[in-house]
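Welcome! Let's take a short walk through two spots in a protein model, one step at a time.

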Amino acid sequence: MPPPTKKNSLRQSSELSPAAGTRCGLSVADIKQSFLDNLFCALGRVPMAATRHDLYAALALTVRDRLFKQSVLTMEHYAERDARVVAYLSAEFLPGPHLANNLLNLGITEPTRQALAELDINLDEAIEQEEEPGLGNGGLGRLASCYLDSLASVEVPAVGYGIRYEFGIFDQMIKDGWQVEITDKWLRFGNPWEIARPEIAYDVKFGGRTEIATNEQGGSCVRWIPGTVVKGVAYDTPILGYRVSTCNPLRLWKAEAVESFDFAAFNHGDYYRAVHDKISSENITKVLYPNDEVIQGKTLRLEQQFFFVSCSLQDMIRLHRLLKRPLDTFHEKWAVQLNDTHPAIAVAELMRLLVDKHEMAWDTAWHVTQNTFAYTNHTLLPEALEKWPVGLFGSLLPRHLEIIYEINRRFLDEVRAKFPGDDARLARMSLIDESGERYVRMANLATVGSHHVNGVAQLHSDLLVKTVMHDFAELWPQKFLNVTNGVTPRRFVAVSNPPLAQLITRRVGDGWLRDLVQLRKLEPLADDAAFQKEWRAVKLTAKRDLTALIEQRTGVKVNPESLFDIQVKRLHEYKRQHLNVLHILTLYRRLKLDPQADVPPRTFIFGAKAAPGYFMAKLIIKLINSVAAVVNHDPAVRDRLKVVFFPDFNVKNAQHVYPAADLSEQISTAGKEASGTGNMKFAMNGALTIGTLDGANVEIREEVGAENFFLFGLTAEQVDAVKSRGYRPREYYERNAELRDVLDFIASGALAGGDTNLFRPLVDNLLVHDPFLVLADYQAYIECQEKVSALWRDPQAWTRTSILNAARMGKFSSDRSIRDYCAQVWNITPGSKPGVSLDEGKA
């Protein structure tokens, strides 16, 4: 979004001053000089004494200079336009490494490579030095980062708000087959991409009590007298769009003590009390997702959520008032998106700020609040719909509990008027769950306090209004809609898979990175023998790269010409990694019984982190590694089957994995996965999908064609029908000889050195409960995998299908998702149209 007085070009806008031109230029000479300046002046190093990290940091600062120049111009332009701004509130962001992505978006990857080469520095080695910010747990945080990338790329005024966790999602090690969690010290060398803003800080209150007071006009008001106060300090990271001048901020909050050192206590020899406030305050942003199985963990998690929401809303109000706008127009300036229920407390906090602090009438404040927020639901799993015990909530946020009670009273009056005499409906829809111990229902609060609620895939959105939000959809049908998730092709194709990006660009031009639908131009090439050969060569290159990395990380040698069958995602029973394991063991047992069985060479690759307190998920990781230990060392199958658990799956590692996949495993129980985005990343890189009709799989299959998708398993409706009839998983075990053989093999202790107890909890769970219908879908999955093997034997047919999968992924760009939000939810017009780049000018 360029300043109105400047031409729309990074090179031209750099002419703001001679100093800016020198420091922020994009030529090889400018980049080289800027790099040396940062190495000397910012780091105090000369090239011959610089460490690898020094070289990376100097390069990061060099790129950051160019980003912040664009960020300043963007902010000036927003102020001049008085544009509506999207505030994306998320407890998680998983941006991945910044350097390569920013070089791509600036269009200076090759000039930078040349500038460094003149200094005898390898760009790829510098990129590899970057620590990944572990500020999220999985898909939720990665989606938020894809959306920030797209908000900037389609030139929407936006700011991402979240938490600057000192320690992010744990690093994963595998010891004796078990997951071991290691502290993620992502900040140990500092973060060259961020700028601390100590002047942007807000007090956040906790605990205490409320009392009725008199305001300056003589009326009554409520005053919150807190038990403790902490300070939230802003840290900004610039997020630049692809080949545009728009650069939006990701603003993360760090918790600090209002007074970090009690000098009086120190002088009295009480050294602990002297720093107590500092320690307790900083704990709030110490770690991503504390273990909430204990009350201290629950308290800290609620503190985290309220902390970043309060800082963010106070920041928005400050900026709103800087523009001299009255607060009753807050909703006209700000479109606040709640990414799942973690920031749902924002509804009550905005009401508190407007009513208590700024003395706005309740009805006016509620109108502003409802027209400010929109809520994205990401799950149908009951355990993921957050609830907080009323006692805990009230002790930590007493004023907010009062506000929620009042919102609830007025809301339930509205429900009674629409559905008189329906007490059961009132109980289901109430913001307070009173069926046993009383809880505050955060999903209900977010729904009541928002003008729109969206699911993240069409199936998910349909199930949302039929199940967990059914009552709300009957009350407010116009409030509910679907916005299917998307991912950025910049990071997950151009950065992750440069050879594929270059091949596509040679054939169809480079417009596809701004308008992914242009990949359709590849369809006529799907049967072209020469293009197929190039496509296979690109895939084999990616597989060889991953092969080398697997050997380096795990010691396992795999055949890059085998079928790479990959399942990488968070470890959860509903994602059914254990169904994949049952297939591996089925093939293994077949080969043991008949060494001549026609089983094409296949390498099974897993990557997943399990929540530290999730026993069954960690046991599945142990099972995968135990299967690998047996299969990989059995000479009878060594050249036919290999099993790899790739440790510490994160964005950085994912950039090596997605390009190398031949087959993408998307095998969750139908109706459980809200959308999934890994399915999109795999398909964009030419992987074929085996999957159920779950989440975005449904829409991917519609786009790529049913004949180009390996479908198996029960539908969501069939899953419900099986369960309603009384699901008895043991009957499947008793009727299916191969399934019985595999489960008995696991139970025998053959994978555990003769220990028959190790995997007994997993086997018993499958035979007695099987909550995610693994055994019910087993036979269909095995039969579908035989179709995979049959197609793999025909390289031309497989390659044709691979090309068509990638060519038909245009719908699944996060740019499309953001345009849908703009049109359907935020009422914002993006500043750029698909296919228009910085170098081409505005359409």
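Which side chain does the side chain of N679 join in a polar contact? The partner is N697, and the polar contact between the two side chains is 3.1 Å. Keep in mind that this is a predicted model.

**Around N679**

You can find N679 in helix α27, which covers residues 678–684. Its relative accessibility is 1%, and because buried means under 20%, N679 counts as buried. Leaving aside residues up to four places away in sequence, N679 touches S664, Q666, A696, N697 and I700.

Now move to strand β10, residues 334–339. Is this strand largely enclosed or open? Six of its six residues are buried, so β10 is largely enclosed by the rest of the structure.

Which strands pair with β10? Here they are:

| Partner of β10 | Residues | Sense | Bridges |
|---|---|---|---|
| β1 | 85–89 | parallel | five |
| β11 | 373–376 | parallel | four |

V85 stands opposite W334 of β10. Towards β11, Q337 has A374 as its bridge partner.

How values were computed
Residues numbered from 1 in each chain as written. Predicted model: local features only at pLDDT ≥ 70, side-chain atom pairs only at ≥ 80, totals over all residues. Heavy atoms only, no water. Helix = DSSP H or I, 4+ residues; strand = E, 2+ residues; numbered from the N terminus. Buried < 20%, exposed > 50% of the residue type's maximum accessible area, 1.4 Å probe, protein only. Polar contact = N/O pair within 3.5 Å; in protein donor to acceptor, adjacent residues only side chain to side chain. Contact = heavy atoms within 4.5 Å. Pairing = 2+ DSSP bridges.
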